[in-house]
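Subject: Two-chain model, handover

Hello,

Below is the structure I said I would pass on. My notes on it follow.

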Amino acid sequence: MKVDWTTFWPRILQATGETITMVIFTLIFASILGIIMGLLLFATRKGNILENRFIFSFLNLLINIIRPIPFIIFLVAISPLTRFVVGTTIGTTAAIFPMTIAAAFAIARVVENNLVSIDPGIIEAAKAMGASPIQIIFGVLIPEALGPLILGITFITVGLIDFSAMAGTVGGGGLGDLAMTYGYQRFDTSVMIVTVVILIILVQIAQFIGNMLSRFFLRR
Amino acid sequence: MIRLERVSKIYESGGKKVEAVKDVSLHIKKGDIFGIIGFSGAGKSTLLRLVNLLERPTKGNIIVDNYDLNSISSKDLRQLRRKIGMIFQTFNLFNSRTVYGNIAYPLKLEKKSKEEIHQRVTELLQFVGLEDKADKFPEQLSGGQKQRVGIARALATSPDILLCDEATSALDPETTNEILNLLKKVNEEFNITILLITHEMNVIRKICNRVAVMENGRIIEEGEVFNIFSNPQEKTTKNFISSVVNEKLSSSLLEKLRKDHERKLYRIVFSGDTASQPILSTLTAKHNIHFNIIYGSINELQNQLFGNLIVEFIGADSQIEEVLKELTEIVEVREVTNGES
């Protein structure tokens, strides 16, 4: 049972739009949350500008609990919370919530790792100039780590395209949903190939933009 | 300007206590270029960081610019730090900012207007001789240029004190001299008190007026650079001095000299005015004996001469005795024995 491509293209277009929506909104929310968590994690580390063992241990533990859970399981496990926050567990909007949570913790780690690699001497220099912790975070840490940070977030974005496909299978819509219902369950290989090609193109675009931005900020 | 009273700093790592700074008292006066020399691990880096409280003392009092650092509020501390510039061995420039941006950063912290910042940065770029590098990023600069940016950045807020953490240790000898001259100019033109740490005696000799020698967390010797050079007391101090003033002879050379010269050898140490007077020739002529210079070196230190000669005297023993007696009253004279070179 083959699909009729003249009527099917608009569906593909719509699914692509849903995937892009999920990824972009997740990226925005998760970046905000993840960057805040990552900065806190770094700043509260032992010997750092806002050293605080309690906050550090709490965040560190939380990240280590959430991160290893396979996303497809996390998606289901978190659904009561999703229903509570979004009102439903089905549809593109509902998919953004679990994706944001999972991605935020991943971004927090990426942010922390990139901050750790900043030469402590640079932070010391800013401290010696009389910069406050807030001034150091926004005036030194973020600008110094921005290049590699963008690459890290690009990596997460590519992962999000993958997440969105999984979210699709549990009613999130998007290309993943399409590929599963038409390509996998109805054995229509052509649909699968088309969706996969579109996914590949999306990943290429995301990586291209990320590389360009990071090169601009790395100034290399 | 800076006063340390019985300051100690103890680190605890893995249950082990490490006393990096032990009971150090120091007084650095306004306008000094004060050098602290020591081998790595002597505690000088920790000592330097106590002055702007990048490290907190475990014991003792530190007074900087009339602030007692034990009771300073964090707001006052940030204010004080803007009056203390700091430069580093690894420069620690912000890689994400241009040369201009690096120098402007401390001014931005002070919330200065764009015009004020532009004027000050331009001034400083000119002072360090990097007018044409304003838009370059640190990675596009050489080591010497990076340190110039570091100096300009440290001077941006017109500090009273400049702390130098091994500021020339990563530079080649020629660039080191350029940077040292620049530091001297900073001290002379702006009357900025400089506290520097180094492991190179050459740095002390070139620009410092006072020096403290540090070993195992303690200051083992301290004083005017000229006095320390001409009359060092401690073994470590002597070692540091011999690294720049080549007064020691190798034992093999000494042995050869003693073989070639049957007479007794004497070391004569001149310093200050005596180094520029013809003392030896006057005295030997007076007593009608001759002298033969076997080895010698004359160095310039703090605009004074400092000399070191090994000589033998040729003539009657009684006359030589007389010459030695009169010499001893003016300069330091020691007989060179096998044990001492």
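Contact here means heavy atoms within 4.5 Å. By that rule, of the contacts in chain A between residues at least 6 apart in sequence, 74% join residues at least 24 apart.

Some housekeeping: this is a predicted model, in which local features need pLDDT of at least 70 and side-chain atom pairs count only at pLDDT 80 or more, while totals for chains, interfaces and linings use all residues. Residues are numbered from 1 along each chain as its sequence is written, chains are lettered from A in the order in which they are written, and side-chain values use heavy atoms, with hydrogens and water left out.

Chain A has nine helices and zero strands (DSSP runs: H or I of at least four residues for helices, E of at least two for strands). Its C-alpha atoms fill a box of roughly 70 × 40 × 25 Å along the principal axes. Of the 220 residues in chain A, 47% are buried (under 20% relative accessible area, 1.4 Å probe, protein chains only).

At the interface, 22 residues of chain B are in contact with 20 residues of chain A. There is one salt bridge between the two chains (a side-chain nitrogen of Lys or Arg within 4 Å of a carboxyl oxygen of Asp or Glu). Glu124(A) forms a salt bridge with Arg49(B), with the closest N and O atoms 2.5 Å apart. On the side of chain B that touches chain A, the elements giving two or more residues are α2 (74-81), β6 (84-88) and α3 (99-109) of chain B.

Regards

Terms used. Buried < 20%, exposed > 50% of the residue type's maximum accessible area, 1.4 Å probe, protein only.
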